[in-house]
Amino acid sequence: MSPTRRITLKDVARVAGVSVPQASLAMNGQGRVAPDTVRRVRDAADRLGYRPNPTARALRRGRADAVGLITRNLSNSYFLDVLRGMEGVASEQGSHIVVMDSGYDAATELAAVRRMADGQVSGLAIAPVGGTEAVDWWRVNRPDLPLVLLNVAPTPLVTTIGPDSPAAVSVAVDHLAELGHSRIGFVSAPASDAADTDRAETFLARCARLDVRPEILRTRLRFDAVREIVASELVDPAGLRTFLMNSDYTASAVYQATRDAGLVVGRDVSVVGHDDIPTSGLLAPALTTIGFDRQAVGVLATETLLAPEARPRTVRVPVNLVVRDSVVDLRG
């Protein structure tokens, strides 16, 4: 057998001593095939280095073997952890992940959804930009394929998976209030881009309950944009000095703006992040943030897409406050 020739299922069947249809069923885990036959076929495939042709297999099954992921911002390493969780499940089930990034741009997001729908994937997980155009397009044009929304406010129409946002905001606001902070700035995406609207709603309600003055700072959730809006507060003697962020990625922009202003996080400026990515504990000072199992979001999303349920559901991953040194104690 020439080493340059592609190994086929026919080769595997010959070495295993079975018919091609039997080898196909054994490789795909379909039909009634004796365990010993499955073992012989898969051993033969391993020895020969056989890899199924994904295009042919997709045609046989009538669907792609891939799961789609569209993120809002791959610069945020949170989504890389989600991707790792997705890849683990997909690999175990003989699938793979196709990734696209919208960069917080609605037009780019819609184009990515259309590309995903064009036969590339058998289901889609998306962390959408605010608004529903792309999500609605998928639901109308690919109602046969499952859809999961990541990091959004719950909806009865689609399964949503993500950290428990109301709990995350509540524990962060409580922590700041306990340390004497009576005015908190919540940095959020512009209203047109915000998909996790339950975070802002919880923020306002929690501040009202604790007699804390809430202020919402809306900006594009990119590093430079966040740094600029925080810097504008820091140059104002009456500006905000306490910031609640939607991610550790954007929290790092607060550190940069604070340093540029000649101030110090944990002494002059307070910040609470979200995600507890590995580098957050290495910041100076270490970042107080919201922790949760980031990869679990990807695991749950992929399990849902590969074995979809009839009814949409809301899955909230438990969160916890990770207290470090980025919040000033104002209790005197």
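Trainee: How many cavities of 30 Å³ or more does a search of the whole structure find?

Mentor: The search finds 2 cavities of that volume, where a cavity is a set of points on a 1 Å grid over the protein atoms alone at which a 1.4 Å probe fits but cannot get out, and the volume is the space filled by probe spheres set on the points, which are joined across faces, edges and corners. This is a predicted model, in which local features need pLDDT of at least 70 and side-chain atom pairs count only at pLDDT 80 or more, while totals for chains, interfaces and linings use all residues. Residues are numbered from 1 along each chain as its sequence is written, and side-chain values use heavy atoms, without hydrogens and water.

Trainee: Which residues are closest to the centre of the second largest cavity?

Mentor: They are Val-152, Gly-162, Pro-163, Val-315 and Arg-316, out of 13 lining residues, and the space there is about 80 Å³. Strand 5 gives the largest share of this lining, 4 residues.

Trainee: Switching to the sheet, what's the strand order?

Mentor: The open sheet of 6 strands runs 2-1-3-4-5-11 with parallel pairing, where a pair needs at least two DSSP bridges. Strand 2 (96-101) and strand 11 (314-317) each have a single partner strand, so one side of each is left without a neighbour in the sheet.

Definitions and conventions. Helices (H or I, at least four residues) and strands (E, at least two) are DSSP runs, numbered from the N terminus. On a 1 Å grid over the protein atoms alone, a cavity is a set of points where a 1.4 Å probe fits but cannot get out, and a pocket is an open set with protein on both sides within 12 Å along at least five of seven lines; lining residues have an atom within 4 Å of a point.
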